[in-house]
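Open your viewer and get the selection tool ready. We will walk from one stop to the next, clicking on residues as we go.

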Amino acid sequence: MTATTGGFAETGRPGRADGAGEAAPKRPAARSWTATQFARNGDVAIAYDRLEGSSGAPLLLVMGLATARFWWPDGLVDAFADAGFEVVRYDQRDAGESTRMPETKTGNPFKALFGKRGEAYTSEDMVDDAIAVMDELGWEQAHIFGHSMGGLIAQRVALRHPDRVLSVTSSAALPSDVAGLGVLRYLRFGLLAKLARTKFPEGREGDIEASLAVWRGIASPGYPFDEEAARAWVEAEVDSGPRDTKAQSRQIGAQWHGAKLSELHHPTLVLHGEQDPILKVRAAHATAKAIRGARLVTFPGVGHDLPAALWPDVAAEVAAVAGLGNP
């Protein structure tokens, strides 16, 4: 694990590159997710749930492009709870159990990504969905952790609603300021193009196979991939997001009109896998460079996921940026 703070590099102790002997922690019996609840942002219903048995500093989790909140690993959220957080996760609009928006003309996420005008809603609307969840919870402020596109939203929550945010963790994400063709400098197209070309059967089985294809593609090359565990999880929590290109297009095409990233003045942690097959690690460097005092941590052997062996380290880093402990 390599950490950089304010331009100065330090070397931390990485987990074993092969993940040997580092089994995922088992969930304490007292912890489970509450029943799904809903917050409202105008006509949009935002699904969320809270980890029962967690208490302490409020931590809101934001998942990536068109994927449900169920993609957060239980072991990771348990590590957050152990570190002193009350943990809540939610589905962004057009994902999971939240409101699916009306269809638009663009069904190709690449075209939507490089477009100059969103067809359905703005990134500000997506940011305000997070605030709606906080309002429903009665949280005046929270720490925000976002992964992939969720990391982008986490940055923008702090920029648009600075008084509601305590700290930001942006994981495997683009810097907020990048848009249009500027994204090209950070993207790796191999996996994205492969997934776009792959055809899956209609219905539940197709959703399962699409999710498994994503899991395999984003998995960390330096850590073992448990195909059996991944399949069991996918079959239990079937999610249509990985194959819903129209929802992906609406989300990825949502334009941002807010403040520059340099105006983010909250304690910030930037995480990124050095072998990320979707976003180059330079995206994380750009994000950290733009935010004064941001801490950058990159993980050797890690892809676009967060492998189980690193969950305690990730939770410790998030707790540290939140002021709850030292990394």
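A residue is called buried when its relative accessible area is under 20%, exposed when over 50%, and partly exposed in between (1.4 Å probe, protein chains only). This is a predicted model, in which local features need pLDDT of at least 70, side-chain atom pairs count only at pLDDT 80 or more, and totals for chains, interfaces and linings use all residues. Residues are numbered from 1 along each chain as its sequence is written, and side-chain values use heavy atoms, with hydrogens and water left out.

**Stop one: Asp-128 and Arg-160.** Please select this pair, which forms a salt bridge with its closest N and O atoms 2.9 Å apart. Asp-128 lies in helix H3 and Arg-160 in helix H4 (residues 149–160), so the pair ties together parts 32 residues apart in sequence. Helices here are DSSP runs (H or I, at least four residues), as are strands (E, at least two), numbered from the N terminus. A salt bridge means a side-chain nitrogen of Lys or Arg within 4 Å of a carboxyl oxygen of Asp or Glu. Asp-128 is buried because its relative accessible area is 17%, while Arg-160, at 39%, counts as partly exposed.

**Stop two: Arg-93 and Asp-129.** Next, select Arg-93 and Asp-129, whose salt bridge has its closest N and O atoms 2.7 Å apart. Arg-93 sits in the loop between E7 and helix H2 (109–113), and Asp-129 in helix H3 (residues 123–137), 36 residues apart. Both Arg-93 and Asp-129 are buried.

**Stop three: Arg-89 and Asp-49.** Which residue forms a salt bridge with Arg-89? Asp-49 does, with the closest N and O atoms 2.8 Å apart. Arg-89 belongs to strand E7 (residues 85–90) and Asp-49 to strand E5 (residues 44–52), 40 residues apart. Arg-89 is buried at 4% relative accessible area, and Asp-49 is buried at 2%.

**Stop four: Arg-185.** Move to the loop between strand E9 (165–171) and helix H5 (189–197), where you will find Arg-185. Arg-185 is partly exposed, because its relative accessibility is 46%. Leaving aside neighbours within four places in sequence, Arg-185 is in contact (heavy atoms within 4.5 Å) with Lys-280 and Arg-282.

**Last stop: Phe-189.** Finish by selecting Phe-189 in helix H5, which is partly exposed with a relative accessible area of 32%.
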